[in-house]
Amino acid sequence: MPSRARERSSLDVGVDLVAIDEVAAALARFGARYKARLFTAREQADCDARGRAAAASYAARFAAKEAVLKVLAPPDVRPPWTDIEVVRRASGACRVALHGAGRQLARRRRLAAWSVSLSHEAGVAVALVAARRAPAPTKGRAR
């Protein structure tokens, strides 16, 4: 039988779509400045290693960052883009890594166990992100 705490936890989900040609145009126009503003060095290395598919990889990661922001739902100032990182595992699957203000916001909102799925096809990149929200701590309730 599930515990009461388990019953009160929830799953927060965010999704986003990005046009690959818009990202390709931004990469062509702003180059390294665009990459440094939005992506960590690790993300840049992974996307650039994709060769001709680099723009699609950047677009999918940007979609993931937007989806993470939808889950984080910052009440005022959003964290810097590079505080949200999409890291490729050895298996090829990706994971979300939060840093700085992104990590602090996730902790305040009790969000953990992040999951991300990326895809791109027909000029569009999509990302689906989910995080488990832990139940609010109970304060002095007798059971």
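**Exercise 1: a hairpin and its sheet**

Begin at Ser119 and find which residue is its bridge partner in β5.

*Solution.* Step 1: look across to β5, and the bridge partner of Ser119 turns out to be Val126. A quick note on ground rules: this is a predicted model, where local features need pLDDT of at least 70 and side-chain atom pairs count only at pLDDT 80 or more, while totals for chains, interfaces and linings use all residues. Residues are numbered from 1 along each chain as its sequence is written, and side-chain values use heavy atoms, with hydrogens and water left out. Helices (H or I, at least four residues) and strands (E, at least two) are DSSP runs numbered from the N terminus.

Step 1: β4 and β5 (residues 124-133) run antiparallel and are joined by nine bridges; strands pair if DSSP finds at least two bridges between them. Another pairing here puts Ala112 opposite Arg132 in β5.

Step 2: check the turn. β4 and β5 make a hairpin with two residues between them, and Ala122 in the turn has a positive phi of about 50°.

Now work out in what order the strands of the open sheet lie, and which strands stand at the edges.

*Solution.* Step 1: β5 also pairs with β1, again antiparallel, over ten bridges. Gly14, for instance, stands opposite Val129 in β5.

Step 1: From one strand to the next, the twist averages 15°.

Step 2: α2 lies across β1, β4 and β5, at about 65° to β1. Axes are lines fitted to C-alpha atoms (for helices, over the stretch in contact), and angles run from 0 to 180 degrees between N-to-C directions.

**Exercise 2: rings that meet**

Count the aromatic pairs, then find which residues the ring pairs link into a cluster.

*Solution.* Step 1: set the rule. Rings of Phe, Tyr and Trp (its six-membered ring) pair if their centres lie within 6.5 Å; planes under 30 degrees apart are stacked, over 60 edge-to-face, and the rest tilted. That gives three aromatic pairs.

Step 1: take one of them. Phe39 and Tyr58 sit edge-to-face, with 4.9 Å centre to centre and 65° between the planes. Phe39 is in the loop between α2 (20-38) and α3 (41-48) and Tyr58 is in α4 (residues 54-72), so this pair ties together parts 19 residues apart in sequence.

Step 2: check cover. Phe39 counts as buried at 2% relative accessibility, and Tyr58 does too, at 1%. Buried means under 20% relative accessible area, exposed over 50%, and partly exposed in between (1.4 Å probe, protein chains only).

Step 3: join the rings up, and the cluster is Tyr34, Phe39 and Tyr58.

**Exercise 3: helix α4 and Arg61**

Is α4 mostly covered or mostly open, and which residues does Arg61 touch beyond its sequence neighbours?

*Solution.* Step 1: size up the helix. α4 has 19 residues and reaches 27 Å from first to last C-alpha, close to the 27 Å expected; the expected span is 1.5 Å times one less than the number of residues.

Step 1: α4 is mostly covered, with 17 of its 19 residues buried. Just after the helix, Ala73 takes a positive phi of about 45°.

Step 2: zoom in on Arg61 in α4. Arg61 counts as buried, at 1% relative accessibility.

Step 3: leave aside neighbours within four places in sequence, and Arg61 is in contact (heavy atoms within 4.5 Å) with Phe39, Glu43, Asp46, Cys47, Val86, Arg88 and Cys94. Arg61 and Ala127 are 66 residues apart in sequence, but their C-alpha atoms are 7.6 Å apart.

**Exercise 4: Ala101**

Is Ala101 buried, exposed or partly exposed?

Step 1: with a relative accessible area of 34%, Ala101 is partly exposed.

Step 2: beyond four places in sequence, Ala101 contacts Pro79, Pro80 and Asp83.

**Exercise 5: the whole chain**

How many helices and strands does the protein chain have?

*Solution.* Step 1: there are five helices and five strands, following the pattern α-β-α-α-α-β-β-α-β-β along the sequence.

Step 1: buried residues make up 41% of the 143 residues.
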